[in-house]
6 protein chains.
Amino acid sequence: MKILVVNVNTTESMTQSIGDAARAVAGPGSQIVELTPTFGAESVEGNFESYLAAVAVMDAVVSYRDSYDAVVLAGFGEHGKEGVMELVETPVVDITEASAHLAMLLGDRFSVVTTLDRNVPPIEDRLLSYGLDRRCASVRSTGLSVLELEDADIAKAAITREAERALAEDNAEVIVLGCGGMAGLDREISKQLGIPVVEGVTAAVKLAESLVALELSTSKVRSYAAPNPKKITGWPLRHE
Amino acid sequence: MKILVVNVNTTESMTQSIGDAARAVAGPGSQIVELTPTFGAESVEGNFESYLAAVAVMDAVVSYRDSYDAVVLAGFGEHGKEGVMELVETPVVDITEASAHLAMLLGDRFSVVTTLDRNVPPIEDRLLSYGLDRRCASVRSTGLSVLELEDADIAKAAITREAERALAEDNAEVIVLGCGGMAGLDREISKQLGIPVVEGVTAAVKLAESLVALELSTSKVRSYAAPNPKKITGWPLRHE
Amino acid sequence: MKILVVNVNTTESMTQSIGDAARAVAGPGSQIVELTPTFGAESVEGNFESYLAAVAVMDAVVSYRDSYDAVVLAGFGEHGKEGVMELVETPVVDITEASAHLAMLLGDRFSVVTTLDRNVPPIEDRLLSYGLDRRCASVRSTGLSVLELEDADIAKAAITREAERALAEDNAEVIVLGCGGMAGLDREISKQLGIPVVEGVTAAVKLAESLVALELSTSKVRSYAAPNPKKITGWPLRHE
Amino acid sequence: MKILVVNVNTTESMTQSIGDAARAVAGPGSQIVELTPTFGAESVEGNFESYLAAVAVMDAVVSYRDSYDAVVLAGFGEHGKEGVMELVETPVVDITEASAHLAMLLGDRFSVVTTLDRNVPPIEDRLLSYGLDRRCASVRSTGLSVLELEDADIAKAAITREAERALAEDNAEVIVLGCGGMAGLDREISKQLGIPVVEGVTAAVKLAESLVALELSTSKVRSYAAPNPKKITGWPLRHE
Amino acid sequence: MKILVVNVNTTESMTQSIGDAARAVAGPGSQIVELTPTFGAESVEGNFESYLAAVAVMDAVVSYRDSYDAVVLAGFGEHGKEGVMELVETPVVDITEASAHLAMLLGDRFSVVTTLDRNVPPIEDRLLSYGLDRRCASVRSTGLSVLELEDADIAKAAITREAERALAEDNAEVIVLGCGGMAGLDREISKQLGIPVVEGVTAAVKLAESLVALELSTSKVRSYAAPNPKKITGWPLRHE
Amino acid sequence: MKILVVNVNTTESMTQSIGDAARAVAGPGSQIVELTPTFGAESVEGNFESYLAAVAVMDAVVSYRDSYDAVVLAGFGEHGKEGVMELVETPVVDITEASAHLAMLLGDRFSVVTTLDRNVPPIEDRLLSYGLDRRCASVRSTGLSVLELEDADIAKAAITREAERALAEDNAEVIVLGCGGMAGLDREISKQLGIPVVEGVTAAVKLAESLVALELSTSKVRSYAAPNPKKITGWPLRHE
């Protein structure tokens with residue numbers, strides 16, 4: 001099967017890391033194709049950039065001309081999943097929901113450790129919309145921007161510090177890494193803390209593979225039916 | 001004061017109706033400027049079009065070069081408010097929240113009567129995100145598309161029928177008109193049913209005027225701080 | 001239009017301050033008439049006094065013989081709104097709900113800063129009843145009694161201290177002043193903290209004006225229908 | 001022990017029925033003293049009358065000069081409990097909460113069957129305030145006024161009809177009689193329907209006896225501390 | 001009337017203490033019969049032991065051959081109540097729900113003080129299942145195991161310390177003792193802290209007596225109907 | 001990897017069907033080992049049998065002497081997962097949660113279609129405990145007992161009928177088959193209704209494989225730490 005893994009920002013090196021993380025856990029028959037949007041922010045932090053990313057991701061998916069079996073949206077806490085679900089026939093898995101779903105299988109409550117403080121309310125909102133809020137103990141910020149995560153040592157130290165607070169103060173038992181740019185850090189932090197650490201890209205790949213294996217895809221009877229035929233100006237919006 | 005009232009679709013006649021509805025209730029010192037997005041759907045129904053509209057509305061607002069005092073977003077149940085809040089310094093009022101806020105002042109529970117069935121879950125989701133869900137008795141669909149609302153007699157008949165069901169079956173005491181295209185129908189339906197009927201554009205204009213009069217605007221300390229400086233490709237996205 | 005603004009306690013000087021605050025924001029065509037109950041506590045703190053105030057306020061409203069267009073109830077967190085809604089035909093706006101409604105338009109979460117600790121649970125309860133609890137980050141007490149607020153410097157210092165804690169510890173982005181006796185302090189505290197501060201009397205006046213302008217009033221079909229005709233002993237209860 | 005059972009309306013015959021119902025289940029050492037307010041409605045239906053009753057009940061309790069061990073408030077869905085809790089040192093049990101507490105011990109969900117439709121939202125609100133809403137399947141109206149309940153045959157027929165609907169349509173497993181005036185009807189309806197039927201006055205008497213036996217009374221550390229000393233005009237309000 | 005009080009563990013001395021606590025508050029006509037399971041843990045801490053206790057308690061009840069009028073389940077936060085409700089015709093009262101019900105009558109919010117930290121999530125879960133979670137301020141752990149409670153001085157000191165934190169930090173107004181092994185400590189801690197302290201065994205005995213006096217028992221129409229006739233291997237499981 | 005799939009009842013033919021369903025979707029490297037409890041009900045319907053099954057399943061798992069990589073609990077809506085999580089080091093996936101997790105990826109809301117009406121409240125309770133309730137539109141009963149499901153034609157007709165009602169009346173977009181005995185019916189019903197139908201055993205196998213592939217297992221820091229060492233009488237309880 002072929003899985004599209006779509007970055008939400010325009011930074012190609014981040015697309016590459018996300019693709020690598022996906023490939024590292026993909027099953028033997030799974031092919032990972034990573035996509036980068038042609039417009040939008042180099043890193044997505046906050047609502048304006050998130051909405052822009054939602055559209056840029058939809059644009060990237062509909063502009064992909066080959067066939068595929070599933071779509072993974074690799075922006076943590078970003079908008080857009082419902083739109084992609086309308087546009088494609090395959091399963092669509094967002095890394096926010098994917099990591100929360102797996103975290104809930106592993107302990108009583110989970111905490112998300114994310115980047116900037118301004119991203120906390122949007123992540124809380126997305127978990128609420130997905131119906132995945134009640135077992136979330138907290139969403140905590142490291143204070144690092146997405147691009148600052150590129151220094152893996154700084155990233156690990158900051159994530160570990162907040163994860164320890166989540167365990168001690170919020171009664172979390174599982175940690176979710178709350179940024180696509182944290183892919184690859186989960187196992188080391190897990191070992192250090194002695195608890196399960198769930199990373200969204202890898203979680204989403206396994207859930208996408210599971211849905212494809214079970215021949216399950218998005219329900220098309222109501223919320224996620226294909227868009228009604230109508231005049232749409234300027235779509236797709238590709239910037240090339 | 002000057003209030004920008006932004007349509008979410010590209011149908012100019014609808015922009016005009018929305019502007020007229022806004023002007024009809026605007027206070028003596030208020031000037032209404034209506035804007036139409038330069039790209040997106042001729043009518044917004046469903047999540048893909050809603051996300052596209054969110055970005056098209058942000059694009060229209062940032063491309064408006066004069067000064068203004070408040071922004072009204074005239075799409076019922078659409079995405080985007082949080083993004084506009086980051087981009088501008090003035091208050092931003094969405095018609096979904098505006099009508100729910102006023103409806104809650106007028107009775108125990110309100111019901112929303114909207115267009116197509118596929119729009120029901122997104123409206124429920126937006127009310128949930130806004131923290132305005134608990135006193136919503138139901139969101140009901142007339143089965144009419146946005147463009148079918150242009151026949152006012154058909155629209156009134158369908159809305160009245162669902163409103164009566166909401167009163168009888170869902171214990172609603174107040175009706176909210178769940179589409180920007182229903183502007184102008186509220187008073188007649190209210191008289192016929194003998195209950196308050198809240199329309200979002202007019203509600204939002206009065207709330208925007210209230211905030212400006214009280215010198216209140218969006219908090220900029222966290223969720224809605226201005227976007228961080230960074231490279232953004234292809235923004236604004238205007239299609240002209 | 002004429003708006004009755006009803007104090008919940010018997011302290012005339014507080015009625016005067018509330019009336020002044022209302023007048024300061026009232027629109028050009030709005031007349032403010034302030035009323036003081038003829039019985040009850042000199043300041044309302046706690047449930048017994050709140051219930052007494054609920055009845056004293058209803059008594060003051062029904063004993064007012066001239067016509068009017070809206071009623072503002074100027075007790076923060078007090079009981080009684082539902083009763084007044086049954087007794088009058090005009091809109092009725094309580095300062096608790098008014099300030100919460102406007103605060104929700106301005107940021108992700110708001111905190112209320114009130115007087116004594118014993119008033120915290122009743123305010124929480126009223127927000128719950130109004131369906132306005134979910135985006136309330138916290139209700140915090142300054143430890144000051146209503147009458148101690150008369151020293152504006154002490155009041156401002158105490159409110160600012162708790163507001164800063166709400167921002168830092170509870171993730172509030174907007175502050176609501178949780179006592180009618182805090183009218184007049186909002187703008188100065190807002191400037192000092194750099195965030196929006198919502199005061200209930202002024203918020204309620206603008207919402208009342210909005211409803212009147214939109215020709216909206218309380219739904220009379222169920223919860224707030226006029227009382228059924230029956231024998232009521234000793235009503236009104238005026239103490240003069 | 002002596003238990004004050006306070007009617008919420010001024011109809012002496014109803015006070016007598018409530019007292020009789022209380023005595024029928026009181027333990028061997030319990031003395032029931034029933035009180036009637038000196039002002040207020042002959043029957044309480046709706047919010048205005050409920051608030052008036054809240055104050056009239058407080059007035060009746062503080063005007064009772066002998067000692068007592070507990071207070072039962074015999075108005076279903078009425079206001080006032082929190083005020084009485086501040087004013088007295090003994091336990092205070094309201095029949096709304098009492099019947100919900102016992103109903104929750106007896107089945108998965110309970111439904112309340114009450115009088116007029118206008119009383120449904122206030123009962124729902126009180127259950128919400130008490131934190132007793134989540135296992136309430138529904139609050140259903142018989143359409144009968146409080147005074148129409150005096151014809152026991154009509155009352156039983158109407159209650160039975162709505163209870164049957166609650167079982168069939170709302171998945172209730174236990175019925176709560178939602179009016180103090182329904183005291184005495186529980187056992188017969190229970191036998192007819194083959195399910196437990198909880199009546200509030202009798203439930204509250206047993207809970208009051210239980211608290212007294214366990215030497216438990218209202219916590220006075222915060223919400224229900226005695227009122228602060230201050231000037232209160234016109235209190236008590238007795239109308240004699 | 002005869003009330004079976006069933007310990008959840010196999011420690012006979014604890015059964016005895018629980019029986020003594022029950023007898024100390026039982027009404028004049030009430031006989032307490034305490035039962036010990038024939039298998040399971042000497043003290044129940046955690047989910048495996050709780051499930052085992054659920055079955056051992058059901059086994060003890062169905063193996064009791066005399067008649068009885070009510071069953072009290074003396075394990076705080078343990079599983080099993082719903083099973084016993086199916087198996088017997090009398091009321092069944094669990095000490096978790098019993099103490100929460102009474103605590104809610106006595107103050108705005110209650111906190112539970114329990115044994116090990118690992119027991120906190122199961123207690124929270126049981127309160128959620130019972131619909132008794134919303135007024136629970138916190139569930140706090142003393143860090144003591146069930147068996148360490150046998151030293152009453154250590155137990156009292158640890159419970160008092162956590163109760164004080166619950167009052168100061170969580171805004172609790174009432175304390176619930178969260179372990180059957182804490183029976184007998186309530187009054188002393190209550191005196192020391194000046195607030196009501198509710199103990200589950202005594203609370204459950206009074207609620208059981210109340211239900212019997214009111215001739216109320218478990219609804220048998222749906223959730224708690226007697227098990228359907230079928231082949232069950234190895235039941236009862238007695239280990240003697 | 002080796003996955004233990006544990007039936008909750010003692011009917012060997014059902015164990016076989018469950019094992020076959022698991023094998024049909026297992027990945028190339030996965031071995032399925034199905035286990036049958038040595039005691040308990042031939043079919044589990046209701047709380048008594050569910051608690052007995054919880055212990056019988058734990059007994060079967062701890063008595064299995066070979067190594068394994070994950071455990072799937074094949075009883076829909078049954079108790080016990082938290083106990084098994086304490087007893088083993090591998091991931092444990094329950095079919096109730098597994099199917100809800102996947103259903104939430106596929107549409108706005110899902111409905112569960114189960115066997116007898118008495119099983120509805122326990123399933124609702126388990127979804128609540130798992131934090132998976134908010135996007136569940138309804139739990140519907142076919143009225144068929146577990147053993148009546150063996151006639152596949154009757155089962156399919158009854159499930160299809162209730163699923164259609166869930167779509168039309170409850171706004172479900174995805175159906176979950178609410179009984180382990182329904183394994184094998186999902187794809188045919190899905191084709192007939194044109195919507196995704198999720199079956200729990202197959203969902204759980206894919207989730208278990210996903211967790212193993214990601215090297216994730218139960219957090220052992222608090223709720224699901226191994227049981228404390230202590231005397232446990234009569235464990236394991238095997239009946240052979």
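The conversation below takes up chain contacts, salt bridges, helix packing and backbone details in turn.

Modeller: Please do, and keep in mind throughout that this is a predicted model.

Colleague: Let us start with chains E and F. How many residues of each are in contact?

Modeller: On the chain E side 47 residues take part, and they touch 47 residues of chain F.

Colleague: What area is buried between chain E and chain F?

Modeller: The buried area is about 4,100 Å², and carbon and sulfur atoms give 55% of that area. Within chain E, the residues that lose the most area to chain F are E:Phe48, E:Tyr51 and E:Arg118. Together these three make up 20% of what the chain E side buries.

Colleague: How many salt bridges cross that interface?

Modeller: The rule finds 8 salt bridges between chain E and chain F. E:Arg118 forms a salt bridge with F:Glu86, and the closest N and O atoms of this pair are 3.5 Å apart.

Colleague: Which pairs of chains do not touch?

Modeller: Chain A and chain D are one such pair, with their nearest C-alpha atoms 16 Å apart. Chain B and chain E also have no contact, and their closest C-alpha atoms lie 16 Å apart.

Colleague: Back to salt bridges. What is the count over all chains?

Modeller: The count comes to 126 salt bridges. One pair in chain A is A:Asp59 with A:Arg238, whose closest N and O atoms are 2.8 Å apart.

Colleague: How are two packed helices described?

Modeller: One gives the angle between their axes and the distance between the axes.

Colleague: Then how do α2(A) and α2(B) cross?

Modeller: Their axes come within 9 Å and cross at roughly 130 degrees. Because of that angle, α2(A) is oblique to α2(B). The crossing is left-handed.

Colleague: Which residues make the contact?

Modeller: From α2(A) they are A:Phe48, A:Tyr51, A:Leu52, A:Ala54, A:Val55 and A:Met58. From α2(B) they are B:Phe48, B:Tyr51, B:Leu52, B:Ala54, B:Val55 and B:Met58. By class, the contact has 12 nonpolar residues, no polar residues and no charged residues.

Colleague: Now a helix pair inside one chain. At what angle do α6(D) and α7(D) cross?

Modeller: Helix α6 of chain D covers residues 152–169 and helix α7 of chain D covers residues 186–193; their axes cross at roughly 45 degrees and come within 11 Å. The angle therefore makes α6(D) oblique to α7(D). This crossing is right-handed.

Colleague: What residues meet there, and of which classes?

Modeller: D:Lys156, D:Ile159, D:Thr160, D:Ala163 and D:Glu164 of α6(D) meet D:Glu188, D:Ile189, D:Gln192 and D:Leu193 of α7(D). The contact has 4 nonpolar, 2 polar and 3 charged residues.

Colleague: And in chain E, how do α6(E) and α7(E) pack?

Modeller: Helix α6 (residues 152–169) and helix α7 (residues 186–193) of chain E pack at about 45 degrees, with their axes 11 Å apart. α6(E) is therefore oblique to α7(E), and the crossing is right-handed. Among the residues that meet are E:Lys156 and E:Glu164 in α6(E) and E:Glu188 in α7(E).

Colleague: A change of topic, to the backbone. Where is there a cis peptide bond in chain A?

Modeller: A cis peptide bond joins A:Trp235 and A:Pro236, with omega about 0 degrees. A:Pro236 lies in the segment after β10 of chain A. In chain C, C:Trp235 and C:Pro236 are joined by a cis peptide bond with omega about -5 degrees. C:Pro236 is in the segment after β10 (232–233) of chain C.

Colleague: One last item: what is the phi of A:Glu215?

Modeller: A:Glu215 has a positive phi of about 55 degrees, although A:Glu215 is not a glycine. This residue is in the loop between α8 (200–213) and β10 of chain A.

Conventions: Residues are numbered from 1 along each chain as its sequence is written. Chains are lettered from A and ligands numbered from 1 in the order in which they are written. This is a predicted model: local features need pLDDT of at least 70, side-chain atom pairs count only at pLDDT 80 or more; totals for chains, interfaces and linings use all residues. Side-chain values use heavy atoms; hydrogens and water are left out. Axes are lines fitted to C-alpha atoms, for helices over the stretch in contact, and angles run from 0 to 180 degrees between N-to-C directions. Helices (H or I, at least four residues) and strands (E, at least two) are DSSP runs, numbered from the N terminus. Angles under 35 degrees count as roughly parallel, over 145 as roughly antiparallel, 65 to 115 as roughly perpendicular and the rest as oblique. A crossing is left-handed if the near helix is turned anticlockwise from the far one by less than a right angle, and right-handed if clockwise. Contact means heavy atoms within 4.5 Å. Ala, Val, Leu, Ile, Met, Phe, Trp, Tyr, Cys and Pro count as nonpolar, Asp, Glu, Lys and Arg as charged, and the others, Gly among them, as polar. Buried area is the accessible area (1.4 Å probe) that two parts lose on being put together, summed over both. A salt bridge is a side-chain nitrogen of Lys or Arg within 4 Å of a carboxyl oxygen of Asp or Glu.
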